[in-house]
Amino acid sequence: MGQHDGKQKFSGSLNSAMIDGPEGVAAQEYANNFGAPGYDDISRIYITQRYEGYSAENQESWRTLYDRQMSYLESHASDVYLTGARSIRLVRDHIPHLDGPESINIYLKKLTGWQSCGVPGYLPAKAFFACLARREFPTTVVLRPKESLDYLPEPDVFHDIFGHVPLHADPIFADFLQTYGKAASTTNDPFHIERLARLFWFTVEFGLIREGGRVKLYGSGLISSPGESRHALDSPDVERRPFDMETVCSTSFEIDHFQPILFVLESFDQLREAMNSYAQRILNSPATAHVEG
Ligand SMILES: [Fe+2]
């Protein structure tokens with residue numbers, strides 16, 4: 001899940017039977033109203049992952065997606081991502097479980113306290129930020145259809161778990177993402193909201209990092225996309241700029257084609273420190289209204 005502004009709820013082409021029951025409908029309605037009077041319990045936007053709803057074709061699609069991306073990532077993704085993927089026991093054999101004895105959440109909880117929590121679909125920004133502030137990652141449970149393995153505009157369980165969740169096993173990234181959520185759910189200033197959306201885009205979704213003298217992938221939009229990952233590292237059309245908080249927050253992005261500008265971190269500590277400073281700035285801003293979370 002990300003700040004995919006303007007995106008709609010999943011269409012029927014996804015395995016929507018998993019999310020269209022009363023639980024999914026009620027959770028989506030609560031999320032849409034989150035922040036209004038009487039809608040302040042973020043846990044009510046979560047749904048159970050009705051695992052039996054995955055078809056054999058879904059499981060096969062997961063294996064296909066995993067296979068064609070993981071072998072590439074072994075030499076092109078950040079070590080922090082790869083270590084995280086091993087730590088949460090991400091495997092090719094089946095779509096990960098969010099509940100029960102095989103859950104990735106059992107490992108995440110011990111490592112950083114983060115949890116991956118099922119949601120029915122697109123979340124308004126305020127609800128999304130409120131989840132992050134609690135170390136809870138809103139996780140789409142449905143998987144893209146077999147005929148759209150290459151590209152899906154919305155997040156799905158592959159983008160969200162394979163792409164995002166391994167980094168949540170890293171203590172430094174875990175701190176960064178929670179601080180991001182606290183800052184973003186605290187401010188009502190459109191200036192900061194826009195800048196924070198850019199920060200999310202250029203780090204969590206499309207970030208690069210230098211490790212051992214080489215530029216590696218960590219952003220979920222790169223990690224989960226065969227096309228975009230290779231383009232990000234190899235294309236001469238991509239401008240790879242050094243990460244700088246002010247520059248990132250001032251750079252606009254477009255969502256419907258490969259990214260022409262990417263930012264390269266030197267370390268996740270750099271990101272955490274920059275976020276801590278920015279969060280302090282937001283908390284001291286006169287436009288800030290405190291929101292429980
Ligand atoms: Fe995402």
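Mentor: Start where helix H2 meets helix H10. Arg68, Gln69, Tyr72 and His76 in H2 touch Pro226, Ser229 and Leu233 in H10. Contact here means that the C-beta atoms of two residues, placed from the backbone, lie within 7 Å. Sorted by class, the residues of this contact are 3 nonpolar, 3 polar and 1 charged. Ala, Val, Leu, Ile, Met, Phe, Trp, Tyr, Cys and Pro count as nonpolar; Asp, Glu, Lys and Arg count as charged; the others, Gly among them, count as polar.

Two notes before we go on. The model is predicted: local features need pLDDT of at least 70, side-chain atom pairs count only at pLDDT 80 or more, and totals for chains, interfaces and linings use all residues. Residues are numbered from 1 along each chain as its sequence is written.

Helices (H or I, at least four residues) and strands (E, at least two) are DSSP runs, numbered from the N terminus. H2 covers residues 56-76 and H10 covers residues 226-234; their axes come within 11 Å and cross at roughly 20°. H2 is therefore roughly parallel to H10. The axes are lines fitted to C-alpha atoms, for helices over the stretch in contact, and angles run from 0 to 180 degrees between N-to-C directions. Under 35 degrees counts as roughly parallel, over 145 as roughly antiparallel, 65 to 115 as roughly perpendicular, and the rest as oblique. The crossing of H2 and H10 is left-handed. That term applies if the near helix is turned anticlockwise from the far one by less than a right angle; if clockwise, the crossing is right-handed.

Now look at another pair. Helix H7 (residues 171-186) packs with helix H12 (residues 268-283) at an angle of about 20°, their axes 9 Å apart. So H7 runs roughly parallel to H12. Their crossing is left-handed. On the H7 side, the contact includes Ile172, Phe173, Phe176 and Tyr180. On the H12 side, it includes Phe268, Leu271, Met275 and Ile282. By class, the contact of H7 with H12 has 12 nonpolar, 3 polar and 4 charged residues.

The buried residues of H5 pack against helix H1 (22-33), strand E1 (115-119), E2 and H7. Buried means that 20 or more other C-beta atoms lie within 10 Å of a residue's own; exposed means 12 or fewer; partly exposed is in between, with C-beta atoms placed from the backbone. H5 is mostly covered, with 7 of its 9 residues buried. Those buried residues are Ala127, Phe128, Phe129, Ala130, Cys131, Leu132 and Ala133.

Step just past H5. There Arg135 takes a positive phi of about 60°. Arg135 sits in the loop between H5 (125-133) and strand E2 (136-140). It counts as partly exposed because it has 18 C-beta neighbours inside 10 Å. Arg89 also has a phi near 60°, positive in a residue other than glycine. Its place is the loop between helix H3 (79-87) and helix H4 (104-111). Arg89 has 13 other C-beta atoms within 10 Å, so it is partly exposed. For background, most residues other than glycine have a negative phi.

H4 holds Leu111. With 15 C-beta neighbours inside 10 Å, Leu111 counts as partly exposed. Leaving out residues up to four places away in sequence, Leu111 touches Ser87 and Ala169. Its C-alpha atom is 9.6 Å from that of Gly84, 27 residues apart along the chain.

Next, a loop residue. Phe253 lies between helix H11 (245-249) and strand E6 (261-265). It is partly exposed, with 15 C-beta neighbours inside 10 Å. Setting aside neighbours within four places in sequence, Phe253 is in contact with Arg198, Trp201 and Phe202. Phe253 and Pro166 are 87 residues apart in sequence and 25 Å apart in space, C-alpha to C-alpha.

Finally, step back to the whole. The protein chain has 12 helices and 6 strands. Of its 293 residues, 45% count as buried. Among contacts with a separation of 6 or more, 68% join residues 24 or more positions apart. The C-alpha trace spans about 50 × 50 × 35 Å along its principal axes.
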